[in-house]
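Biologist: Please show me the structure, and let us then discuss it in questions and answers.

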Amino acid sequence: MKKIIILLIGIVVVSCTKSLEEDLLTNPSLNGLKSEDDVKAALTGAYAGLLGSSNPGYYGRNYLYLREVPTDNLLGTGARKDFDNFTLGTSNTIVVNTYNDIYAMILKANLLIDNVDKAEIDKDLIKWYKAQAQFLVALGYSDLTSLFGPVVLITSSVNDIEDKPSRSSLEDVEQHILTLLEEAIPNLEKEESEDLPGAATLGAGYALKMKLHLKRKEWEKVDKTADLIMQLGRYSLLPNVEDLYAIGNSFNEEIIFSVKTTGDPFGKSLNALAAGSTDIAQHQYDGQNDYWGFGTFRGELKVYYSYDPSDERFIKLFRHSFIDRKGKTVGPKTLDNKNNPEVNKSLPYIYSEKYPHPLAGTETDLRTDIYHGSTLFVFRYAEVLLAKAEALNEINGPSAEVYNLINEVRNRANLPNLETTGSFDQASLRDAIFQERQWEFFMEGYRRDDLIRQGTFVEKIKDSHLKSSDVINVQECHQLFPIPEIERSLNTNITQNECY
Amino acid sequence: MKIKLTIYLVFCLGTLVSWSQSTISGTVSDEAGDPLPGVNITVKGKNTGASSDYDGNYNITAKQGEVLEYSFLGFVSQSVTIGNQTTINISLKEDLAKLDEVVVIGYGTAKKSDLTGSVKSITSDKFVEGNQNSVQGLIRGKVAGARVTSSSGAEPGAAATIQIRGANSISGNNNPLYVVDGVPVPDSFSLGTDMNPNDIASIDILKDASATAIYGSRAANGLVMITTKRAKEEKTRVTFSAASGIQVLVKPIEYASGSVMATIDNQIQEELGNEPIYSEEQIAEIGDGTDWIDEGTRTGMFTDYAVGLYSRGESSTFNVNMGYYKNEGVIKNSEFNRLTLSTNYSKDFNDKFFMDGSIRISHSMTNTFSFSEGNGRENVMNRLLNTSPLFPAYNDDGSYGVPLDNVATFDENPLPAILESTNDLRRTSVYSTVGLGYKFNKNLDVKVNSAFLLQDSFSGTYLPRIVPAGGLVGGYAEVSHKDVRDVLLEAFLNYNLDIKKNNTKFLLGASMQNNFNDQYRTIAKGFNSDAYLYHNLGAANIIDPLNSNYVTTKRQSAFFRMNNNYDSRYLLTATVRLDASSRFGANNKTGVFPSVAFGWNASNEDFLKDSNVISRLKIRGSYGLTGNDRIPAGRSNALSETTWSTYAWGGESGSVGFSPLNIPNPDLKWETTKQFNIGFELGLIKNRVNIEFDYYDKTTDDLLFERDISRYLGKETFLQNIGSVKNTGLEFNIDARVIRTNKFRWNLNYNVAYNENEVLELPEGAESLALDDNIGVGGSNYPGYHKLQVGKPISSFYGFEVDRILQAGESSAMQPDLIPGEYTFKDQNGDGKINDEDRVSLGSGLPKVTMGLTNTFRYNNFSLDMTFTGAFDYVLFNVNKAKNESRWWKSAENRWTPINTDTDIPKQNGWANSSVSNDRFINKASFVRFQNITLSYKLPNSVIGLNNFRISISGENLHVFTDYDGFDPELSSRNNPTKAGLDWNIYPQNRVFSLKINAEF
């Protein structure tokens, strides 16, 4: 009997020496990337970072809120009003979440960069995966500097939590972007990856580089990089501009890089925030007049009325009027802010058709199908043409080459050659190019950077509202968004941008 | 058939033995000669028993030479050997050591006089009467320093929580460890509602380190030791109880009159020069409008049946208890049903070898809703408090009413969600134990215990098309399943060493406990018919990916205790426990938790031994370390997550990738609480008055905290052991038998506890730490309303002080987006801006003082129990009011409008500015509650041949004395003590009136 008892105690005591490791089956440890599947899953996770870590997400609606509302393109509704009238606080969730989302993506990409060398896969594949992650980090910093100016530069996945770095200089961050791209570009492929279609191609690498040079007004380099893209020979404008925005057309000869989304996202449930997708489409329709949409993207009417009526981009890409749920015709107010006699109800804004919802107009409640595989543009060929035109005009002023580049974009929209509409010197041609960009890229996230580069940020925004009584309190320093308050409370070495 | 046979057998046996038996009769009285009713008289070694009637008389059949035993609670038991007499009159002596009750400590029991720790034992006769939702509610107001609160009010099937001696942890969980008959029950079990309160014999609350350190890394929040009922007397007893009662809503608010609201809206439009919104006919039709609270509630009802069979033989005990409980709550369709079956057994095989065990099975079915915070349409109370009274609940044809056509609103009728949705939660739990013991001799024994716990929960939800949330997606079904398994194996050795007057008890043991947690969940929608409910997910057009997850925890421990007792005068206790847990980081795998305590029974010293006044005096002191090991699983490792890591390569369906879930922390460990306690116990006049007083001082270091980290690190938080919190407090308890005459008795318990909570240290020496807690009040401008501040208690609210209401035509330079009718706030730092820095501390959601008062009056066979509870010196954030007072409540009739400017109620829907945390909505919540009154009558035993037949009526929550104007001053929608004190969307409080019958055969 004694033996049994001693044995029993023994069992308990002996078992104590056994290890107490946890079963991490639901959340496997990220300590090592071994197989190609592991690496692929890590890259997938990093790319998913482009959609942020919650709805509306980095390249989701937040991208447009940050880049189109505080311009002369879109009005701000609800919580976005602060962007429109420049009363933004330092804890605005759209600003804070975007800042967090970008750094979260950078961490994921840095983890891949730091660990991929250890993977037991082909050396060339390792280079390609690393180049992908480097592209993402470069894109992240490109967006961070565009939104916040100089930021803290993080170059590794392992950091001391107690460190209190200051914001790096803009030059350092931009240099890091260029270094990353220089390393990545030789390892990127010209054609789409068969395995992971949608991953950055060589064209995407060049386009990101071109974007940085454009921002820095390095005209020669813009011109050269644009040439590199054109020499790839795989990009051209789609013949019909509206095809660019069709659902499911995110691979075509005009798109250089876009964020891919699915209409059948993971975790799609009632009121849920679905990963892998975007609800941008739903937000181009409103709830009261329209098809039970959320209506947060409202185009400003001054832009709307600035289009040439024969412009295909005007004709095809705006919802000029629609029948509301009560059977009434709804349309925009007139340019002098009067009710439009042609419709039953006049709205002081216009909805775009660039991110169409397939069920709109079918009398279906759009809330039953919120998420769509909309194309989220990052780089497309039209910009290469217009950027090269801009660079050449800055270098040598108007020339046939400049006109040809612009006309390629205009003609596709059924507009006549630019030189037939007037005579241009360098300055007026510059304005014409920016005007063309506004028409071409309306609601695609280019406008804010354009206004800043053109130096018309305050002037154009002040004059953007149809209602002349609206006072917009915009200043030059609003070109940068505030560093999130919490970031400054956690690290007092971080300075705030002017204006906030 | 069986009954006949039994009667026959009894008859036969009766005649067989009758020749040698005789009837003994007599009276039992106390020392003063007053008769004692209800004394238990048994024949030693036999299953025969009787009890004395109201006049102390008894009859019992026994043989010459047999021994009669007389026992009665509070009196010294006596035995008499039967000679040739037939009348035995006996007087029982009051038991001076009566309060020397046996209390449950970890791995055993002890006499209270031998204890060096702070322990309070509540036996079932002292439990709070009436409808008890959960085990926790049984000791409400009974134990100084044990605060019982409910986050879900009177919701059927929702457990209350017990918080002992304030809040130690800022990471969330301050629940004590529950130990049922020796088995520590993990948090993942719903113990509070699984157990039938009728099965519980006693609940012991262990408070200081001397008492709790034996459970080491799980004991920092105190221990709740639950002991179930067992057969005690050597006879077979059958107990029966039935209770039933009604629950009446304590109506939280009144809705505004619909026509008044419509008229106000019209007047505003008239003032603005616009057309009226509502026509005269419409206003007439609206009339008083709809009171959604009336529509969504009913009179609740509960019934509670319990049967128990207790049997004790010479070497074995056995009992089996069954219970059925049903509660239909005051919110329509909210319901809880529970069936329990439990059994305990023990057997001594011989002098040395013994075994015991238990099986408890509980099956419950709940129809439940969400009463969580937030503005979601699924939150039932949110809808019932926040829907326009201007449209009817039902149309004339019986269909559900819809918002008026001419009013732009996102309102929807809240009733379909309550009446038409299916929300089933079914739970089956099994708690089973087997223990084997061996006594080497009278001084040494060893025990091996094993336990297997299982809880299987299934929940199924279906929202049909008529429920707006379901209609949107063509029927919405959600099914989830969770099973939790827990395996415990432990062995321990007891050794008793007597050297002259010095007695020492040793305990040495080891334990391992593993917990496994599996769950899955899936969602389907777009059904071709509502008929399936959630029972045929295959009929849905869209089925979401199945989510599943698995969590384990493994613990291994060794423990030691030594109790030294010199002549019952000097006591010394030393304990130590070593705990290793899978949740601890690689650099901190094992924790050591020692405690030491001294006690001095001064009343056993010569100079007090014979005192007539002081019958008991003990002074005790303890110091020790305990831990809180509630670390989220896996967090010391670099974990991955998948949910937001999908990307649609090729623009088609999403692929699932990895992303980091956390930044790993291999240093992660338990929170350590160092507690110092000093107490004294005083018994006066033969222990008629017992006073207990404790002072404690505990500091919790290494607080687990999900610390905000710089966002450029790529994650927002990092789980770390940082910071420290201090709780100091006083506890006072008095039990007095104030009046003790033959016919009338008055017993009193009063307990009061004072706890001062203070944040000592925050990460990196920060003076304050905002808790990023933006859940919908005040929008994104001013997120959060709780702040941790050094020198202030945790759960401190911070917010603005309201200055005035902005009037029409004015604008505020400091608050540029303010609209007339909204609040302007005080610029506390005078910098000309209103921002986060102008938010000041507005009080804590944790009360400083809690108290309980119980009076029991007994007159003849009547008894009257009254319990009062109270809590003082704390605040609640009345979010319900902040969001709704200017919307549709009665108060909204007087809200600010362009035509009603002289008011302190802001404009309608100004919540983005006016509802942010401010001193108008954060209010003092001190209260005294008339918790319970019970009047009972015990029938004399002789009347109908039943023992202990008792009938009682109870009223609960009869009145609350408070200045707080919200739902209820005791409810907080979160148990999380860092964010305590939110009054938001909670299940409303009710009054209960009930009738109960107890009987024994």
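**Chains, helices and contacts**

Modeller: The secondary structure of chain B comprises 13 helices and 54 strands, where helices (H or I, at least four residues) and strands (E, at least two) are DSSP runs numbered from the N terminus. This is a predicted model, in which local features need pLDDT of at least 70 and side-chain atom pairs count only at pLDDT 80 or more, while totals for chains, interfaces and linings use all residues. Residues are numbered from 1 along each chain as its sequence is written, and chains are lettered from A and ligands numbered from 1 in the order in which they are written.

Biologist: What radius of gyration does chain B have?

Modeller: The radius of gyration is taken over C-alpha atoms, and the globule rule is 2.2 Å times the number of residues to the power 0.38. With 1001 residues, a compact globule would have a value near 30 Å. Chain B agrees with this, with a radius of gyration of 31 Å.

Biologist: How many residues of chain B and of chain A form the contact?

Modeller: Two residues are in contact if their C-beta atoms, placed from the backbone, lie within 7 Å. On this basis the contact takes 71 residues from chain B and 75 residues from chain A.

Biologist: Which strand gives the largest share of the side of chain B that touches chain A?

Modeller: That side has 34 nonpolar, 25 polar and 12 charged residues; Ala, Val, Leu, Ile, Met, Phe, Trp, Tyr, Cys and Pro count as nonpolar, Asp, Glu, Lys and Arg as charged, and the others, Gly among them, as polar. The largest share, six residues, comes from residues 547–566 of chain B, which are strand 27.

Biologist: Are helix 12 and helix 14 of chain A roughly parallel or roughly antiparallel?

Modeller: Axes are lines fitted to C-alpha atoms, for helices over the stretch in contact, and angles run from 0 to 180 degrees between N-to-C directions. The axes of helix 12 (residues 381–396) and helix 14 (residues 426–441) of chain A come within 10 Å and cross at roughly 170°. Therefore helix 12 of chain A is roughly antiparallel to helix 14 of chain A. Angles under 35 degrees count as roughly parallel, 65 to 115 as roughly perpendicular, the rest as oblique, and those over 145 as roughly antiparallel.

Biologist: How do helix 8 and helix 9 of chain A lie to each other, roughly parallel or roughly antiparallel?

Modeller: The axes of helix 8 (residues 202–215) and helix 9 (residues 219–231) of chain A come within 9 Å and cross at roughly 165°. This angle makes helix 8 of chain A, relative to helix 9 of chain A, roughly antiparallel.

Biologist: How do the residues of this contact of helix 8 with helix 9 of chain A divide?

Modeller: Helix 8 of chain A contributes residues including A:Tyr206 and A:Met210, and helix 9 of chain A contributes residues including A:Val222 and A:Ile229. The residues of the contact divide into eight nonpolar, three polar and two charged.

Biologist: Which residue does a cis peptide bond join to A:Asn55?

Modeller: Most peptide bonds are trans. Here omega is about 5°.

Biologist: What is phi of B:Asn333?

Modeller: B:Asn333 lies in the loop between strand 19 (316–328) and strand 20 (335–348) of chain B. Its phi is positive, in a residue other than glycine, and is near 75°.
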